[in-house]
Amino acid sequence: MPNTHTEIVRNDDENRYEALVDGALAGFAEYTLTSQTITFTHTEVDDEYEGQGVGSALAQGALDDAIRRGDRRIKVVCPFIKAWIERHPDYQHLLAETPSA
């Protein structure tokens, strides 16, 4: 497989973070915003990009951007991002801050 470049961008018009692989949309993580929170609700990766690390890059990129912005508490209801956080100890404090529904 040739080297590919994955870029994670925030698309506020669509309320989602997008994973672009060599400029093509490969997946996205949807969110909802309130004045105090950003809630990750759903993540999808195109079948063509499954198993290539796109989902992991997307989860990490989206969370890193939300942390860096620091303007809202982070909530996670998306099962994919929740599972990703559980596998990455440096991010597990985010789940601790998410109240159980």
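How many salt bridges does the structure hold? The structure holds 6 salt bridges, each defined as a side-chain nitrogen of Lys or Arg within 4 Å of a carboxyl oxygen of Asp or Glu. The model is predicted, so that local features need pLDDT of at least 70 and side-chain atom pairs count only at pLDDT 80 or more, whereas totals for chains, interfaces and linings use all residues. Residues are numbered from 1 along each chain as its sequence is written, and side-chain values use heavy atoms, with hydrogens and water left out.

Arg-10 takes part in a salt bridge with Asp-12, with an N to O distance of 2.7 Å. Asp-12 is partly exposed at a relative accessible area of 43%; here, buried denotes under 20% relative accessible area, exposed over 50%, and partly exposed the range in between (1.4 Å probe, protein chains only). Arg-10 also forms a salt bridge with Asp-65, for which the closest N and O atoms are 3.9 Å apart. This pair links distant parts of the chain, since Asp-65 lies in helix α1 (residues 54-69) and Arg-10 in strand β1 (residues 6-11), 55 residues apart. Helices (H or I, at least four residues) and strands (E, at least two) are DSSP runs, numbered from the N terminus. Asp-65 is buried, its relative accessible area being 14%.

A further salt bridge joins Asp-71 to Arg-72, with the closest N and O atoms 3.1 Å apart. Both residues are partly exposed: the relative accessible area is 46% for Asp-71 and 23% for Arg-72. Through salt bridges with shared partners, Arg-10, Asp-12, Asp-65, Arg-68 and Arg-69 are joined into one network.
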